[in-house]
Amino acid sequence: MSLLFRYIFRRHARLLLLIMGLGVGLYLLTDIVERADIFIEAGSGLGLILQYFGVRLPSIVAQILPAVFLLATVVTLCLMGHSRELTALHAGGISFFTVAVVLVFCGVFWGGVQFACSQFLGVQGERYSQQIWREEVRKQDLSQRTISDVWFMENGWTVSINALRPSGEGMGFSAFHVRDGVSDVDVIVRAPRVMGSEKGWVLADAERLFPESYRREHLPRLELPLHQDPELFFSTESNNLQQLPIWQLGEAIEQLGEAGSNVEGLRTVWHGKISYAASLIVMALLGAAIVSWNSNVYIAVAISMAATFIMYSLTMFGETLGQMGSLPPLMAAWGPDALLLAVALCRLYLVNVRR
């Protein structure tokens, strides 16, 4: 690890943590003001309120880290330019592009921090905070949620359920089975109640029909070779896909794809989790490009805030188009990063050529 890298990393990290503290504080203050009356009406104690906002901290950090990183990069470079440190580096044979590369390595480190916060601590924290909000504050019984008209396909079975709960308990089950390579239905199954899980789906008071032989069976218990996780339907139904870690989301995409569901929107979310962490590398180059154009700290910070707004807008726009199927998931998730990266590299290339 070079002396230059250690110096820039430490200076950049100090500013980043300072700006991060301010950003998290403003975020929490806004959230507290919006929810204070609801907590008071629910009779929530101070301990519960602190617990609710405390477990949300990792997800808040993951959400604002790209913007914070860009601001820290711009301020660091502006201060180095103001103190003539960049001029001294240039006189010593170290180009501005080399400084930008050092910041890219800083982006790799903080991108890993963002990914860890969003996919490990943030996931668990958001689930726990939602549980607190719904059960302790809103007094909702989450175990009684139901979704209607559930359909999926697995192992040759096409399944329909009138109503399904998160526990896997379902009402109004019906399914038919088609043999491989044959279009005719060979088995039809109906049951008033079903209990589903990844280990298997068990029917109570089932009726099994064999159309070819016109035979009918009544079974008090029937287990079908189905392993669909009922929780996946609730994740999709309630738009909680952002809360799934990337590895679980990948499994959900595979299972729902095999069940015949449209998973283009889920693929966009999956790519978005990676591209958002990778955006810190883009922010490192973008911050260097901004300072290379104007090293006035006030102007550079203003441009950085505008660039952050553009990045978030493009990210939301691309995610929306990807989930609608108007753009391929890869382009929808990585397009904003690619566009800003191209702009930053073009500017840094021109600066390097001129010098």
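Buried means under 20% relative accessible area, exposed means over 50%, and partly exposed covers the values in between. The exercises below apply this scale and others to a predicted model.

**Exercise 1. Determine how α3 is oriented relative to α8, and describe the contact of α3 with α8.**

Solution. Step 1: the axes of α3 and helix α8 (residues 264-293) come within 9 Å and cross at roughly 25 degrees. Step 2: angles under 35 degrees count as roughly parallel, so α3 is roughly parallel to α8. Step 3: the crossing of α3 and α8 is right-handed. Step 4: the residues that α3 brings to the contact include Leu65, Phe69, Leu70, Leu77 and Cys78, and those from α8 include Tyr276, Leu280, Met283 and Val291. Step 5: sorted by class, the contact of α3 with α8 has 15 nonpolar residues, four polar and no charged ones.

**Exercise 2. Carry out the corresponding analysis for α3 and α9.**

Solution. Step 1: the axes of α3 and helix α9 (residues 297-324) come within 10 Å, and they cross at roughly 155 degrees. Step 2: an angle over 145 degrees counts as roughly antiparallel, and α3 and α9 are therefore roughly antiparallel to each other. Step 3: α3 and α9 make a right-handed crossing. Step 4: among the α3 residues in this contact are Ile64, Ala67, Leu71 and Val75, while α9 supplies residues including Val301, Met305, Thr308 and Met311. Step 5: the contact of α3 with α9 divides into 15 nonpolar, three polar and no charged residues.

**Exercise 3. Identify the buried residues of helix α2 and the helices against which they pack.**

Solution. Step 1: within α2, residues 46-55, the buried residues are Tyr52, Phe53 and Val55. Step 2: the buried residues of α2 pack against α1 (3-42), α3 (57-82) and α5 (96-137).

**Exercise 4. Explain what the salt bridge between glutamate 126 and arginine 56 ties together, and name the network of salt bridges that contains Arg56 and Glu126.**

Solution. Step 1: glutamate 126 forms a salt bridge with arginine 56, with the closest N and O atoms 3.5 Å apart. Step 2: glutamate 126 lies in helix α5 and arginine 56 in the loop between α2 and α3, so the pair ties together parts that are 70 residues apart in sequence. Step 3: glutamate 126 has a relative accessibility of 17% and counts as buried; arginine 56, at 10%, also counts as buried. Step 4: Asp31, Arg35, Arg56 and Glu126 are linked in a network of salt bridges. The whole structure holds ten salt bridges.

**Exercise 5. State which strands are joined by the salt bridge of arginine 190 with glutamate 207, and classify the accessibility of each partner.**

Solution. Step 1: the closest N and O atoms of arginine 190 and glutamate 207 in this salt bridge are 3.7 Å apart. Step 2: arginine 190 is in strand β4 (residues 185-197) and glutamate 207 in strand β5 (residues 200-210), so the pair ties together parts 17 residues apart in sequence. Step 3: arginine 190 counts as partly exposed at 42% relative accessibility, whereas glutamate 207, at 17%, is buried.

**Exercise 6. Characterise the surroundings of serine 160.**

Solution. Step 1: serine 160 lies in strand β2, residues 157-164. Step 2: with 11% relative accessibility, serine 160 counts as buried. Step 3: when neighbours within four places in sequence are left aside, serine 160 is in contact with Val150, Trp151, Gly172, Phe173 and Ser174.

**Exercise 7. Describe the backbone and setting of arginine 84 and tyrosine 214.**

Solution. Step 1: most residues other than glycine have a negative phi. Step 2: arginine 84 has a positive phi, near 65 degrees, and tyrosine 214 has a positive phi of about 55 degrees. Step 3: arginine 84 lies in the loop between α3 and α4 (85-91), and tyrosine 214 in the loop between β5 and β6 (215-224). Step 4: arginine 84 counts as exposed at 56% relative accessibility, as does tyrosine 214 at 77%.

How values were computed:
Residues numbered from 1 in each chain as written. Predicted model: local features only at pLDDT ≥ 70, side-chain atom pairs only at ≥ 80, totals over all residues. Heavy atoms only, no water. Buried < 20%, exposed > 50% of the residue type's maximum accessible area, 1.4 Å probe, protein only. Helix = DSSP H or I, 4+ residues; strand = E, 2+ residues; numbered from the N terminus. Contact = heavy atoms within 4.5 Å. Salt bridge = Lys/Arg side-chain N within 4 Å of Asp/Glu carboxyl O. Axes fitted to C-alpha atoms, helices over the stretch in contact; angles between N-to-C directions. Parallel < 35°, antiparallel > 145°, perpendicular 65-115°, else oblique. Left-handed = near helix turned anticlockwise from the far one by under 90°. Nonpolar A, V, L, I, M, F, W, Y, C, P; charged D, E, K, R; others polar.
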